Amino acid sequence: MVAIVDHGRPARAIHPLHAVLLAASLPLFLGGLLCDIAYSRSFEIQWSNFAAWLIAGGMVFAGVSLLWAFIDLFRAGRRRGRGLVYFVLLLVTVVLGLVNAFVHARDAWGIMPEGLILSAAVAVTALLATWFGFSSFGMSRRMGETR
């Protein structure tokens with residue numbers, strides 16, 4: 001007796017450079033959130049400066065990742081489902097991050113509570129985008145399962 005295992009199409013992983021760019025944005029946005037939390041508790045102005053720089057750094061990496069995801073959308077062909085969700089999550093992250101950067105450009109006393117709320121929203125969307133980015137695209141079932 002012979003068992004036939006159909007693995008379907010193999011998972012198409014993201015490019016290693018794309019993975020580095022995507023992975024770099026998450027800790028920067030999380031650091032911005034932690035700096036905003038520290039600022040909301042201490043009102044030490046330097047925490048808002050740290051948050052603004054961390055958000056700007058996260059925007060650089062998220063922006064390049066967004067461009068890469070946009071290009072991958074057209075290369076995916078018919079398998080756009082998860083790639084489209086990934087692109088939309090990255091787009092939301094970049095748009096919210098840009099608004100957050102504008103809020104953090106104001107006077108330090110004027111960024112609360114909007115800066116904290118936006119930093120939390122950006123960190124959550126960056127986490128979701130990173131999760132979808134590192135998950136396998138184009139797989140209808142898990143590798144190794146039999147029909």
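Helices here are DSSP runs of H or I with at least four residues, numbered from the N terminus. With that in hand, select His-104, which is found in helix 3. Remember as you look that this is a predicted model.

**Stop 1: His-104.** Is His-104 buried or exposed? Buried means under 20% relative accessible area. His-104 has 7%, so it counts as buried. Now show what surrounds it. Leaving aside neighbours within four places in sequence, His-104 is in contact with Asp-36, Ser-48, Ala-51, Ala-52, Ile-55, Ile-111, Gly-115 and Ser-119.

**Stop 2: the whole chain.** Zoom out and colour by secondary structure. The protein chain has 4 helices and 0 strands. Along the sequence the pattern reads α-α-α-α. Of its 147 residues, 37% count as buried. Take the contacts with a separation of 6 or more: residues 24 or more positions apart account for 77% of them.

**Stop 3: helix 1.** Select residues 16-42, which are helix 1. Step just past the helix to Phe-43. There, phi is positive, at about 55°.

**Stop 4: the largest core.** Select Phe-29 and Leu-90. These have the most contacts inside the largest nonpolar core, which has 19 residues. Which elements give two or more residues to this core? They are helix 1 (16-42), helix 2 (45-75), helix 3 (81-104) and helix 4 (114-134). Helix 2 gives the most, with 6 residues.

Stay on Leu-90 and show its contacts. Beyond its neighbours within four places in sequence, Leu-90 touches Leu-22, Ala-62, Ser-65, Leu-66, Ala-69 and Ala-129.

**Stop 5: a second core.** Select Ala-108, Ile-111, Met-112 and Leu-118. They are among the 6 residues of a second, separate core.

**Stop 6: the surface.** The protein chain exposes about 8800 Å², and carbon and sulfur atoms supply 71% of that. Now select Leu-67, Phe-70, Ile-71 and Phe-74. Together they make a nonpolar surface patch of about 420 Å².

Finish on Leu-67, in helix 2. Why does Leu-67 count as exposed? Exposed means over 50% relative accessible area. Leu-67 has 52%, so it is exposed.

Terms used
Residues are numbered from 1 along each chain as its sequence is written. This is a predicted model: local features need pLDDT of at least 70, side-chain atom pairs count only at pLDDT 80 or more; totals for chains, interfaces and linings use all residues. Side-chain values use heavy atoms; hydrogens and water are left out. A nonpolar core is a set of buried Ala, Val, Leu, Ile, Met, Phe, Trp, Tyr and Cys residues joined through side-chain atoms within 4.5 Å. Buried means under 20% relative accessible area, exposed over 50%, partly exposed in between (1.4 Å probe, protein chains only). Contact means heavy atoms within 4.5 Å. Patches are made of residues with over 30% relative accessible area and no salt bridge: like charges are joined within 9 Å, nonpolar side chains (Val, Leu, Ile, Met, Phe, Trp, Tyr) within 5 Å. Accessible areas come from the Shrake-Rupley method with a 1.4 Å probe; for residues, only the protein chains shown count as cover. A salt bridge is a side-chain nitrogen of Lys or Arg within 4 Å of a carboxyl oxygen of Asp or Glu.
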